[in-house]
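Please read the following briefing alongside the sequence and the coordinates.

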Amino acid sequence: MSDNLQLNAEGKLKHFLTIEGLSKELLTEILDTAESFAGVSEHQVKKVPLLRGKTIVNLFFENSTRTRTTFELAATRLSADVINMNIATSATSKGESLLDTIRNLESMFVDMFVVRHALSGAAHFIAQQTAPHISVINAGDGQHAHPTQAMLDMFTIRQLKPDFANLRVAIIGDILHSRVARSEIQALNTLGAAEVRVIAPKTLLPAHVQSLGVTVSHNLTEGLKDIDVVMMLRLQKERMTSALLPSESEYFKCFGLTEEKLKIAKPDAIVMHPGPINRGVEIDSKVADGPQSVILKQVSNGIAVRMAVMAMAMQKQVA
Amino acid sequence: MKIQINNGRIIDPANNINRIGSVYIDGGKIVSVTDEPLGFKADSVINAENQIVCPGFIDLSTRLRDMGHSRKATFYSEVRAAASAGVTTLCLQPDTVPVIDTPAVVELVKELAEKTGYPQIYAIGALTQKLEGSELSSMLSLKQAGCIAVGNANQPVKNLLILRRAMEYAASHDLLLMFRPNDFWLGNNGCAHEGAISTRYGLPSIPEAAETIALAQCLELAELTGCRVHFGQLSCKRSVIKIHQAKKYGLKVSADVAIHQLHLTENDMKPFDSAYHVLPPLRTEADKQYLRKGLAGGTLNSICSDHQPHDLDAKLGAFPETEPGMSSLETLLPLMLKLVAEQAITLEQGIACLSANPARVLRLNSGALTPGFSADVCVFDPELDWQVNGENWKSQGVNTPFWGQTLKGRVTCTLQAGKIIYRA
């Protein structure tokens with residue numbers, strides 16, 4: 001399977017659906033563009049007129065506060081008009097209603113959809129079906145991809161550790177169900193990280209995880225050795241009821257990040273988390289709020305990176 | 001009505017015939033192959049020069065969508081597709097609406113089949129009431145009404161005690177069980193093979209073990225109960241190995257593979273393209289090669305179409321929520337010929353897998369050009385290229401990953417019980 005859907009004829013970003021298939025140059029361009037926007041939020045007038053007169057629809061089929069808010073802020077700071085739609089997914093005939101929703105919004109002359117959906121491939125589907133002038137940004141689809149989260153994490157890493165070639169990154173937790181993990185792994189490998197290591201029990205790893213280009217460990221204390229970046233993933237409560245894990249406390253004992261365990265990583269290692277965090281489940285509060293944590297930095301970087309992606313995808317329309 | 005099919009290459013694997021000659025038909029039956037019967041005066045002559053004449057195809061797994069889902073397809077639309085594909089006998093899976101679990105529904109199937117002028121549609125009766133896997137269906141009544149076998153379609157029989165009893169009961173009435181092995185729990189509502197592709201795209205996945213464990217359980221029960229079992233739509237290497245071992249051990253079992261499993265793998269899937277959403281899922285290259293080997297060696301004795309036409313809406317959506325299945329009657333012959341061209345099997349084997357072998361599974365007196373047999377005949381041009389497009393396609397379901405492709409081999413004439421049901 002290859003992916004050209006998200007690039008236009010000139011190889012420029014048209015949709016942003018997944019990291020897969022994007023070049024290192026393009027990812028770097030996103031990071032550079034984000035850097036130029038990073039200052040905007042600190043100005044007294046927090047706006048640039050780049051997308052004035054454009055209408056962006058945040059189409060959230062799945063609940064989210066943080067992601068939707070940062071997308072909304074990013075769009076407003078680019079001077080676009082934003083509509084938020086929270087659509088609870090109904091159990092039946094989702095295909096029809098998904099397409100119908102898109103068709104209805106299209107006829108209201110919107111320019112961009114930011115989509116979050118509980119099923120893998122939903123953003124691809126919308127990008128394929130929507131009118132050609134509309135751009136689609138994937139804000140998370142099922143267990144597939146969350147590319148803006150990955151790029152804001154790359155942005156955060158680059159601010160603190162600009163040399164990707166010497167970077168060892170550990171991703172810890174529920175890789176199996178994580179769209180964030182898949183996009184992070186692809187981004188890190190594309191940017192040339194020295195090693196991406198996933199650390200989890202087998203129940204939380206996809207069957208062919210090595211095929212993603214990672215090394216695997218089932219033991220946190222061993223897995224954290226020589227690590228520069230520790231990425232924690234959120235553990236959903238339903239993993240216990242579906243027999244993937246015995247209990248939160250046992251998970252915390254094995255895979256929870258404590259000050260003690262963090263010492264095994266490199267002394268200047270940074271700790272990341274896509275949020276929302278489960279204190280005492282995957283991460284100890286002392287680490288989450290500690291000096292090595294960059295969790296809140298990630299959140300504020302989210303705005304600049306999402307501004308960059310939106311601006312780049314709309315480049316053709318704006319020019 | 002006397003019909004003479006002239007000068008074609010007759011390939012009739014059951015009778016070990018492969019030579020140029022003519023086929024003579026009278027009163028709906030095969031009268032003679034090659035030798036002209038004394039005083040035979042044909043009412044109709046079909047010129048089959050440079051074409052292949054073989055027994056009509058018998059499809060072990062088909063869905064016509066009527067009753068219940070006529071927006072997807074109807075008997076009328078799908079028997080036209082079947083006739084144009086050289087298929088003269090269809091086995092209808094019981095997961096219609098209503099389910100084929102009472103004699104009345106079997107009668108309805110027969111009536112619809114007669115009405116559309118394609119009587120050879122055999123219903124597979126439901127193994128359990130409403131396919132729910134909890135209570136036995138009235139299998140004897142279903143058999144007496146005309147069901148050719150029993151099965152539970154894609155629905156699981158989660159409770160092995162119920163499966164055991166259903167198999168015992170089926171065996172008591174000498175009914176064949178047609179079984180697609182799939183463990184409900186291990187299948188875990190997946191939509192793609194558990195491999196590199198499902199990992200990369202975050203698709204809920206189905207391991208091979210979902211198939212092989214259910215297969216192993218059913219093999220054990222086949223021995224315990226003495227029930228005749230035909231395993232349908234096998235998808236992986238380890239299933240072929242298990243069937244091979246079971247046969248060697250002496251169990252009376254047979255197995256088929258759906259035609260697309262012999263050509264497509266997970267790597268052929270275009271990202272999130274629902275045309276590739278099929279159950280069991282497309283697996284690996286190694287599985288595909290081993291299925292081909294199983295076919296060549298006779299472990300798998302039949303190829304089915306696993307025809308599942310859909311309306312457009314069923315395939316519009318995010319991949320996991322789209323409905324599985326391909327519309328595949330019309331690609332059956334060209335894809336079988338592709339196996340021959342790629343030297344996976346011989347042409348005789350390919351034809352046998354579509355005619356004589358499924359006839360043997362169903363214990364039908366057909367699938368061969370034996371004098372006295374019903375004149376079910378397929379005439380095809382093995383060299384004719386055609387494009388899979390709206391102009392050439394007859395099924396109401398256009399859900400095929402081969403859409404737009406040019407395939408080689410096309411049926412020119414189909415006879416069912418001596419009646420011409422398709423002519424190009």
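**Helix packing in chain A**

The axes of helix α1 (residues 24–38) of chain A and helix α5 (residues 147–160) of chain A come within 10 Å and cross at roughly 70°, where axes are lines fitted to C-alpha atoms, for helices over the stretch in contact, and angles run from 0 to 180 degrees between N-to-C directions. This is a predicted model, in which local features need pLDDT of at least 70, side-chain atom pairs count only at pLDDT 80 or more, and totals for chains, interfaces and linings use all residues. Residues are numbered from 1 along each chain as its sequence is written, while chains are lettered from A and ligands numbered from 1 in the order in which they are written.

- α1(A) and α5(A) are therefore roughly perpendicular to each other (65 to 115 degrees; under 35 counts as roughly parallel, over 145 as roughly antiparallel, and the rest as oblique).
- A:Leu27, A:Ile30, A:Leu31 and A:Ala34 of α1(A) make the contact with A:Met151, A:Met154, A:Phe155 and A:Arg158 of α5(A) (C-beta atoms, placed from the backbone, within 7 Å).

**Strands in chain B**

- Strand β1 (residues 2–12) of chain B runs parallel to strand β5 (residues 52–55) of chain B, joined by two bridges, and B:Ile10 has B:Val53 as its bridge partner in β5(B) (helices, H or I, at least four residues, and strands, E, at least two, are DSSP runs numbered from the N terminus).
- β5(B) is also joined by four bridges to strand β16 (residues 377–387) of chain B, in an antiparallel arrangement, with B:Cys54 opposite B:Cys378.

**Interface between the chains**

- Chain A contributes 25 residues to the contact and chain B 23 residues, with the largest share of the chain A side, five residues, coming from α3(A).

Key. Pairing = 2+ DSSP bridges. Contact = placed C-beta atoms within 7 Å.
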